[in-house]
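Visitor: I have not seen this structure before. Please show it, and then I will ask about it.

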Amino acid sequence: EYCLKNDIPLDIVDPTVNFEISNELINFYKIKSSTYFNNAKYSSAYFMDGEHSFETVLNDLQYIHSIHYNNIIPFCIFIHDTSWPCAYRDLYYKGSKHYSESKSALGTSPWEESLTVNGWGAESQCFSQKETDHQTNNGVLSAIESFNELHPQYKFLSIPSIYGLTLIFNPSLLSDKQKTIFKFFEDSLNYFSEFLRILEYN
């Protein structure tokens, strides 16, 4: 709706959703993100909310970085599910090469390292989760941290609420006005983030 009102083109990439979109501004691609990024062009904003695994998220971030490698125009990346339960535990949708039918009956808990029969997502018919959390190369936030180690010119800010939302950007590409806005956002997060993190466990 926002894109239509403001005459902004939008690409939607999802290999599983069964619907068609017919609009000159909105393009729907029923393919995997890796296939899409092979032919993708520059965009000013990305919103990632696909498979919540280290491998997929890091690969997508690397694709986006390669698209913008020699571009001085600012852009930002929004990534959902960067707090519990997917921050440091992979989640695989049915159809993924890592999906496990047996683990789909188990769920995760903020107070348990391993999966449990009473945890979040237990008895799910559409996804499974990695057996243990906080291992190396495990989870969405872990992928963001690894990406940032590879490309330290980027900065990321995370809202630890409603499963978590993280913003990634390159500060050196921002205008003075944009820097002011992002600084206000960062200061506000520093003030409220711990409170939001506690609320998330309720």
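Visitor: How do the residues lining the second largest pocket divide into nonpolar, polar and charged?
Guide: This is a predicted model, in which local features need pLDDT of at least 70 and side-chain atom pairs pLDDT 80 or more, while totals for chains, interfaces and linings use all residues. Residues are numbered from 1 along each chain, and side-chain values use heavy atoms, without hydrogens or water. A pocket is an open set of points on a 1 Å grid where a 1.4 Å probe fits, with protein on both sides within 12 Å along at least five of seven lines, and lining residues have an atom within 4 Å of a point. With Asp, Glu, Lys and Arg as charged, Ala, Val, Leu, Ile, Met, Phe, Trp, Tyr, Cys and Pro as nonpolar and the others as polar, the lining has 9 nonpolar, 6 polar and 4 charged residues.

Visitor: Which lining residues lie nearest the centre of that pocket?
Guide: The lining of the second largest pocket counts 19 residues. Nearest the centre are Ser 83, Trp 84, Ala 87, Tyr 88 and Tyr 201.

Visitor: Where is Pro 85, which a cis peptide bond joins to Trp 84?
Guide: Omega of the bond between Trp 84 and Pro 85 is about 10°. Most peptide bonds are trans. Pro 85 is found in the loop between β4 and β5 (91–93).

Visitor: What is the phi of Asp 81?
Guide: Asp 81 also lies in the loop between β4 and β5. Most residues other than glycine have a negative phi. Asp 81 is not a glycine, yet its phi is positive, about 65°.

Visitor: Which strands are at the edges of the open sheet?
Guide: The sheet has 4 strands with mixed pairing, in the order β3-β4-β8-β7; two strands pair if DSSP finds at least two bridges between them. An edge strand pairs on one side only. The edges are β3 (45–48) and β7 (155–159).

Visitor: Which residue of β8 is the bridge partner of Cys 76?
Guide: β4 (residues 76–80) and β8 (residues 165–169) run antiparallel and are joined by 5 bridges. The partner of Cys 76 in β8 is Phe 169.

Visitor: Which residue in the turn between β7 and β8 has a positive phi?
Guide: β7 and β8 run antiparallel, joined by 5 bridges, and Phe 156 stands opposite Ile 168 in β8. The two strands form a hairpin with 5 residues between them. The turn residue with a positive phi, about 55°, is Ile 162.

Visitor: How many residues apart in sequence are the parts tied by Lys 155 and Glu 186?
Guide: The whole structure has 5 salt bridges, each a side-chain nitrogen of Lys or Arg within 4 Å of a carboxyl oxygen of Asp or Glu. Lys 155 and Glu 186 meet in one of 2.9 Å, N to O. Because Lys 155 lies in β7 and Glu 186 in α5, the pair ties together parts whose separation is 31 residues.
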